[in-house]
Amino acid sequence: MRLFKREDYLKKMRGFYHDDGLIKVITGVRRCGKSCLMQTIAQELVESGVDPTSITYLDLDSRKLRKVKTPDALEAAIDGASAGDSKEMRYLFIDEIQNVKGYEEVVNAYRTDGGWSIFITGSNSYLLSGELMTKLTGRYIEFEMQTLSFKEYEDMKAFLGRPIDPNRVVELDAYILEGGFPKALDFEKLADKRTYVKSVIEEILEKDVRRRVQVRNMPVFEAVRKYITNNFGATTSLTNILDDLDKQGICIKRETLDRYIKILEDAKIVRRCERFDMKSRKSLRGEQKYYLADLSFYFASNTDNRINYGPVLENIVYSYARSLDYEVSVGRIGKLECDFVMRSSEMDYAYVQVAMTIMNDRSTEDREYRPLEQIRDNWPKFVITRNDPIQHRSGIVHENVTELIGNGRTFGLE
């Protein structure tokens with residue numbers, strides 16, 4: 001079977017393929033491509049010379065294994081599917097592991113026995129929040145997947161033989177409206193793509209919300225979800241959201257709203273981007289922004305195809321930075337705000353401003369450059385636009401999103 005290789009994730013994981021001391025945990029929103037990533041890893045192992053009988057692959061969402069819900073049933077399924085020489089390294093892949101309550105003790109037992117390189121996937125943050133998983137701290141490594149980046153979107157279209165417009169701005173707009181779920185590329189019509197995304201949303205709400213957490217008032221929860229979805233990229237706070245919902249006639253307690261938003265985060269529908277004071281190097285509580293796991297969550301739920309490029313481009317840049325494993329915050333420098341402060345695992349920083357265009361007038365250009373010019377350190381600084389002629393000012397790098405993300409470039413942190 002031909003699989004589209006998500007190279008950005010594979011290259012992070014190859015060094016751990018044969019490690020039997022760490023459980024490899026792949027997380028991400030449902031249908032972002034976790035299963036295909038694991039299948040690609042298994043395929044690469046076979047291509048490298050690993051005996052196929054040494055590989056055990058269990059899909060707990062499949063009809064055959066849908067009744068595997070307990071640790072004992074999981075252990076029996078693993079043993080029943082395993083073969084190969086026990087003296088050689090064996091490879092265990094378990095898809096949608098969160099279907100088994102208490103899976104941790106089984107997985108850890110195989111890890112403790114040694115000789116098993118273990119890979120598991122899960123679609124929500126509950127996967128890593130259990131008491132037993134806490135006990136495995138230091139014994140697993142998480143790899144978080146995003147939906148397709150703009151570069152991956154174009155690369156997968158080429159892989160599937162789909163036509164690609166030579167004008168990358170046209171491709172960017174198509175990517176924005178269609179979203180980055182890999183399966184959506186199987187459909188030609190935009191209406192069909194959106195029907196598919198709606199089914200993904202419903203699957204998340206059914207499996208990761210209704211079945212897993214106690215939400216007494218689903219209509220109010222849905223109102224909160226729609227509010228956060230429709231206001232992605234906007235600076236907000238619990239107080240602001242409460243006030244806006246109250247104007248709509250929706251009365252909700254502050255602690256309930258906080259819990260509902262946390263549920264949306266745990267289900268990986270939205271991601272919180274907190275504010276960061278660049279003088280004190282500390283996070284600021286109160287106001288934050290929320291970004292969508294995929295832009296199609298917005299466009300599939302709204303009939304309006306007009307693109308508000310400000311928050312949309314921010315969402316694209318934010319998701320791409322997260323795919324590079326950067327920590328991302330909204331920066332504040334006195335009264336000025338920097339769209340993103342990015343931090344690598346080596347504690348290197350980059351500062352990023354995002355705008356549809358800086359070509360309207362001088363004041364627009366100044367608004368984007370001035371916060372970066374106020375930063376006195378020598379870390380990389382970027383202004384990212386949709387499709388502007390490249391500017392040169394104050395040593396700040398100006399890039400168009402189609403080139404920076406479309407070509408898989410980074411933010412100077414490697």
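Modeller: Gladly! Let's begin with a term: accessible areas come from the Shrake-Rupley method with a 1.4 Å probe. On that basis the protein exposes about 19,300 Å², and carbon and sulfur atoms supply 47% of that area. Please keep in mind that this is a predicted model.

Biologist: What is the protein built from, and why is it called as compact as a globular protein of its length?

Modeller: There are 15 helices and twelve strands in the protein. The globule rule gives 22 Å for 414 residues, and the radius of gyration is 22 Å, close to that value, so the protein is as compact as a globular protein of that length. Along its principal axes, the C-alpha trace spans about 70 × 50 × 50 Å.

Biologist: What share of the residues is buried?

Modeller: A residue is buried when its relative accessible area is under 20%. Of the 414 residues in the protein, 54% are buried.

Biologist: What makes helix α9 count as mostly covered?

Modeller: Helix α9 covers residues 218-230, which is 13 residues, and ten of them are buried. Among the buried ones are Met218, Val220, Phe221 and Ile228, and the list also includes Glu222 and Arg225.

Biologist: How do you know what length to expect for α9?

Modeller: The expected span is 1.5 Å times one less than the number of residues. For α9 that gives 18 Å, and the helix reaches 18 Å from its first C-alpha to its last, close to the expectation.

Biologist: Is aspartate 325 called buried, partly exposed or exposed?

Modeller: Buried means under 20% and exposed means over 50%, with partly exposed in between. Aspartate 325 has 47% relative accessibility, so it counts as partly exposed.

Biologist: And what about serine 394: is it buried or exposed?

Modeller: The cut-off for exposed is over 50%. Serine 394 has a relative accessible area of 55%, so it is exposed. Serine 394 sits in the loop between β11 (381-385) and β12 (397-400), and it has a positive phi of about 55 degrees although it is not a glycine.

Note on methods: Residues numbered from 1 in each chain as written. Predicted model: local features only at pLDDT ≥ 70, side-chain atom pairs only at ≥ 80, totals over all residues. Heavy atoms only, no water. Helix = DSSP H or I, 4+ residues; strand = E, 2+ residues; numbered from the N terminus. Rg over C-alpha atoms; globule rule 2.2 N^0.38 Å. Buried < 20%, exposed > 50% of the residue type's maximum accessible area, 1.4 Å probe, protein only.
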